[in-house]
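Biologist: I have not worked with this structure before. Could you take me through it, starting with a term I will need?
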Amino acid sequence: GLSAIIAYASLPAVFEAREDDRRGAALFKAAVPPAARDGLMSFYTTLELNKIFTEEAELTNSRAAMAAFGFWLVLAPIF
């Protein structure tokens, strides 16, 4: 539940940043009806989540996740 909320909260910044690949935006538009999408986006802006989930923050988060996963892959065979 909480993971889904965090994922949906971080999607608008990712969609706006990616001009060359719009598959994620198309999926979001297909999964969420227009009326709900407009409400979610206004709620997102009202809470000023766009200042937290920026393009730079999402890029840093994805790089940290990849580094952590690589660390886990290296250490998993040892233990």
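Modeller: A salt bridge is a side-chain nitrogen of Lys or Arg within 4 Å of a carboxyl oxygen of Asp or Glu. Please keep in mind that this is a predicted model.

Biologist: How many salt bridges does the structure hold?
Modeller: The structure holds 1 salt bridge. Glu-48 forms it with Lys-51, and the closest N and O atoms are 3.7 Å apart.

Biologist: Is Lys-51 buried or exposed? And what about Glu-48?
Modeller: Lys-51 counts as exposed, at 59% relative accessibility. Glu-48 is partly exposed, with a relative accessible area of 41%.

Biologist: Where is Glu-48 found?
Modeller: Glu-48 is found in the loop between H3 and H4. Its backbone also deserves a remark: Glu-48 has a positive phi of about 60°, although it is not a glycine.

Biologist: Let us step back. What is the secondary structure of the chain?
Modeller: The chain has 4 helices and 0 strands. Along the sequence, the pattern reads α-α-α-α.

Biologist: What share of the residues is buried?
Modeller: Of the 79 residues in the chain, 16% are buried. The chain exposes about 6,200 Å², and carbon and sulfur atoms supply 68% of that area.

Biologist: Now to Arg-37. Which helix is it in, and which side chain of opposite charge is nearest?
Modeller: Arg-37 is found in helix H3, which covers residues 34–46. The nearest side chain of opposite charge is Asp-38, 5.0 Å away.

Biologist: How many residues apart are Phe-69 and Trp-72 in the helix?
Modeller: They are 3 residues apart in helix H4 (residues 55–75), so about one helical turn separates Phe-69 from Trp-72.

Biologist: Which residues form the nonpolar patch on the surface?
Modeller: Phe-69, Trp-72 and Leu-73 form that patch, with about 350 Å² of accessible area together.

Methods. Residues numbered from 1 in each chain as written. Predicted model: local features only at pLDDT ≥ 70, side-chain atom pairs only at ≥ 80, totals over all residues. Heavy atoms only, no water. Helix = DSSP H or I, 4+ residues; strand = E, 2+ residues; numbered from the N terminus. Buried < 20%, exposed > 50% of the residue type's maximum accessible area, 1.4 Å probe, protein only. Lys, Arg positive; Asp, Glu negative; His and termini not counted. Patch = residues over 30% accessible without salt bridge, like charges linked within 9 Å, V, L, I, M, F, W, Y side chains within 5 Å. Areas by Shrake-Rupley, 256 points an atom, 1.4 Å probe, with all protein chains shown as cover.
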